[in-house]
Amino acid sequence: MNDIRLCYFRFRKPVNSRKFFRYRVKDLSGHSRNIHGLNNEVRYAVISNFRNYIGYERMFVWSSRTENYIYTYQKIQHIPDLSAKNAEIEFADETEISVSENPELYSALLEYRIYSNIFRLRKYDCHEEHHFYLAINTPPNSLRITMRRDFRVNVKVMPDGTAYIGLDVSTEYYTRWNIYDYMKHGRDVTGMEVKCLWQGYDKTYKILKVLDRNINVTGKSGFNLYDYWYRQAPYRLDGIDPDNTKTVIVLDSKHGESKYIPQSLVPVFRRETIASFDSRFSRDTDRLMKLPMYERLQIMLEFIHDLNAHTDGIIIPEPVTAGECGYTVCKAEMPLLSIGNNRKIRSAEKYKTFSDGFYRLPEEICISFMYMEEKINECRQATKVIIEYLTQGKINGIEDTWLKRPLLPAVFLKPSYPYRQNYDELMLKETAMKISGSKRTNFVICFVPMENDDNEYSGDKSEYDIFKKVFAEINMPSQMVSADFLKKLKTGNFKDIKSYLQNIALGILSKSGGVPWILSETFSDVDCFVGIDVGMQSKGIHYPACSVCFDGNGNLLGYYTTKKAQSGEKISTEILTEIFDSILIGYKERNGRYPEHIVIHRDGFSNESDEWYEKYFSGKSIIYDIVEVKKNISERILDLKNPNGKNPDSSVCVIKDNKALIVTTQRQASYGGAPQPLEIVHRHGNIPMNQIVSQIYTLSELHVGALQSTRLPITTYYADRICKADEYIPRGKVYDKLYFL
């Protein structure tokens, strides 16, 4: 198993204990505040003060999570005035800190030293300790966009002093224009995704509007944006004319609307959306964005080489084995699936459902079509192709000899319902009401003008969102068909058309109450899986917690969204009670009893009350496990002997105590890209970790809306999808129609 490596590189020498200057932070606000949050504010205030005094060279300042102290590598010459923050800082002592007792401090110190050394190279852009950027050759484009590598650094110092630098690299679009530049050149910036370069953390926002008010005008609340930044970091305002700079309002996911100076904001362009700005540029750069692991490794080694050249080779340029980091390597097991005709198949053989039949068919599906008037002939041709495939097993007159006929118990109704592309929601609602007035229609296939498939609610009022909302409001399941399918029909590519039609069939099936496949055997000793996420709406309002409940065979029992809103991502005990009461009632209605063992998959961090879980489930004699499923992580796994570009195979996992990294998707190096593992943390319960990761992997293979597996287990994947569609899903009851697919 030495072929399985992590993207960590060991420092040649262990870290030794040393002395630090320690400063006491006092909260003068008169009420209790989170000391770590306050210490972080003080930390940035000290760094900003130090910059004014020396220049752009940073100062090492580390804030304790548990104590009211900050630590510095050198003495603060000019202690900043913190009266505006209702705080003060005073020198405490100079003391030696043991590496074994505080490895976090030494991890931060090494990150600072790496930052300082890379900064002096002048080859990389450095805005913070964890991110370094390197510009690369970029194809010409109309957006003034440049491409760069983003190196994310994560240093870990072990209690014995052994130190590792973790690396991940991605490629991103960026521009040296800020939002003020775009505004100055007449571009409408409303709706653009942005981040603030003047902040000490990496966070994205969306521009809501540009006020017809300059940044130096004091608002009704008494807040003056220009004065605020003049107190915080006056050097930021160099060259900015406050009398001719408009205030920008952005949406902050936690705090709602916030005011920003446009020069502080830069646009964020993503691979998923860049085609809408410049489709040719998107095609030209797609391969540069997708990096298999062998390319990632070479780029990481170039970064290590640059660092070593400036530091006398402090890092060994070879990724460490999983075993050296304390991990055990294994492969998750995937049981067989049951489909129609009592057949059992491997998960890679899901295509066989189209020849042997689905596990469970729904009752009769009566389908109406909704067309774009401007493309009426193309839509009619596409309708004919869909009907022929589902009823006769033909694609453009060519028989698919392996296809079960008819594939679905579907009836296709006439007439069709047209709409104009320059629609408004009222027009769509009127058309939808006509469809719902039909005595037989219980499903709608709608052709939408989107160029690409968008298989989930985006929250940006795309055509997909608007159409889905309209039909959900009249309790009508729907299947969207994008303009991309119309283009595929013109090419005549049998394979592409067949793949699209198969996904349409699975979408119709699952939204109508049918099931294409289930596990052939139950999960050992687990009655029920529950996926929990928290959906966020505008102004920081959260609707927890969309939950998805499966039985031991992977059957969907239902999903649930609460009627109650809250202001944070931590779910209140009142809402937890509502959620699990509804789940237990729904399970009992189907099985005649409460589940004996529940496994809870929490999307991200499970920061809810441990005491509540213990009291609730022990009172009902229910065994429970809590598992965190984290998707936004920087760790990567290498397989040095894998001919597929050193990409690890799906199901590969590494386990250490209650934590695991698992690869759930297969990426072919020839198409570019590398799998991004999930981080799994077992927070509570007695199921062994190897079983936990096998459950996660199995549930990632059970998505019913397409032949492809999902990166996330369907518990948290569906919960996330429900959260995105939260506005259009019935609240306060367990529901079993998969409208959100």
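This is a conversation about selected features of a predicted model.

Colleague: I'm new to this one, so let's begin with helix H14; which of its residues are buried?

Modeller: Helix H14 covers residues 610–618, and its buried residues are Trp-612, Tyr-613, Tyr-616 and Phe-617. Looking down the axis of H14, these buried residues fall within an arc of 105°, so they line one face of the helix.

Colleague: And what is exposed on the other side of H14?

Modeller: On that other side, Glu-611 and Lys-615 are exposed.

Colleague: How about Trp-612 and Tyr-613, what kind of aromatic pair do they form?

Modeller: Trp-612 and Tyr-613 form an edge-to-face pair, with 5.3 Å centre to centre and 75° between the planes. Trp-612 counts as buried because its relative accessibility is 11%, and Tyr-613 counts as buried at 2%, the cut-off for buried being under 20%.

Colleague: Which residues are linked into a cluster by ring pairs?

Modeller: Ring pairs join Tyr-115, Phe-119, Tyr-124, Phe-132, Phe-151 and Phe-303 into a cluster. Ile-118, which lies in helix H2, is in contact with several of these residues, including Tyr-124, Phe-132 and Phe-303.

Colleague: Is Ile-118 buried or exposed, and what else does it touch?

Modeller: Ile-118 counts as buried because its relative accessibility is 0%. Leaving aside its neighbours within four places in sequence, Ile-118 also contacts Cys-126 and Leu-307.

Colleague: Which charged ends sit over rings?

Modeller: The charged end of Arg-18 sits over the ring of Phe-20, 5.2 Å from the ring centre, and the charged end of Arg-22 sits over the ring of Tyr-69, 4.3 Å from the ring centre.

Colleague: Changing topic to helix packing, at roughly what angle do H8 and H11 cross?

Modeller: The axes of helix H8 (residues 376–392) and helix H11 (residues 483–491) come within 10 Å and cross at roughly 75°, and H8 and H11 are therefore roughly perpendicular to each other. Their contact is made by Glu-378, Ala-382, Val-385 and Ile-386 of H8 together with Phe-485, Leu-486, Leu-489 and Lys-490 of H11.

Colleague: What about H8 and H12, how do their axes run?

Modeller: The axes of H8 and helix H12 (residues 494–511) come within 11 Å and cross at roughly 75°, and these two helices are therefore roughly perpendicular to each other. On the H8 side, the contact involves Val-385, Ile-386, Tyr-389 and Leu-390, whereas the H12 side brings Lys-498, Leu-501, Gln-502, Ile-504, Ala-505 and Ile-508.

Colleague: Now the backbone: which residues does a cis peptide bond join?

Modeller: A cis peptide bond joins Arg-405 and Pro-406, with omega about -10°, and Pro-406 is in the loop between strand E21 (398–399) and strand E22 (410–412).

Colleague: And what is phi for Arg-144 and for Ser-651?

Modeller: Arg-144 has a positive phi near 60°, and Ser-651 has a positive phi near 90°. By way of background, most residues other than glycine have a negative phi, and most peptide bonds are trans. Arg-144 lies in the loop between strand E7 (131–136) and E8 and counts as exposed at 54% relative accessibility. Ser-651 is in the loop between strand E32 (637–639) and strand E33 (652–656), and counts as buried at 7%.

Colleague: Last one: where is Arg-296, and what does it touch?

Modeller: Arg-296 lies in helix H6 (residues 293–311) and is buried, with a relative accessible area of 6%. Not counting residues up to four places away in sequence, Arg-296 touches Asp-168, Val-169, Ser-170, Leu-291, Arg-636 and Ala-674.

Key
Residues are numbered from 1 along each chain as its sequence is written. This is a predicted model: local features need pLDDT of at least 70, side-chain atom pairs count only at pLDDT 80 or more; totals for chains, interfaces and linings use all residues. Side-chain values use heavy atoms; hydrogens and water are left out. Buried means under 20% relative accessible area, exposed over 50%, partly exposed in between (1.4 Å probe, protein chains only). Helices (H or I, at least four residues) and strands (E, at least two) are DSSP runs, numbered from the N terminus. The arc is that of the directions from the helix axis to the C-beta atoms. Rings of Phe, Tyr and Trp (its six-membered ring) pair if their centres lie within 6.5 Å; planes under 30 degrees apart count as stacked, over 60 as edge-to-face and the rest as tilted. A charge sits over a ring if NZ of Lys or CZ of Arg is within 6 Å of the ring centre and within 35 degrees of the ring normal. Axes are lines fitted to C-alpha atoms, for helices over the stretch in contact, and angles run from 0 to 180 degrees between N-to-C directions. Angles under 35 degrees count as roughly parallel, over 145 as roughly antiparallel, 65 to 115 as roughly perpendicular and the rest as oblique. Contact means heavy atoms within 4.5 Å.
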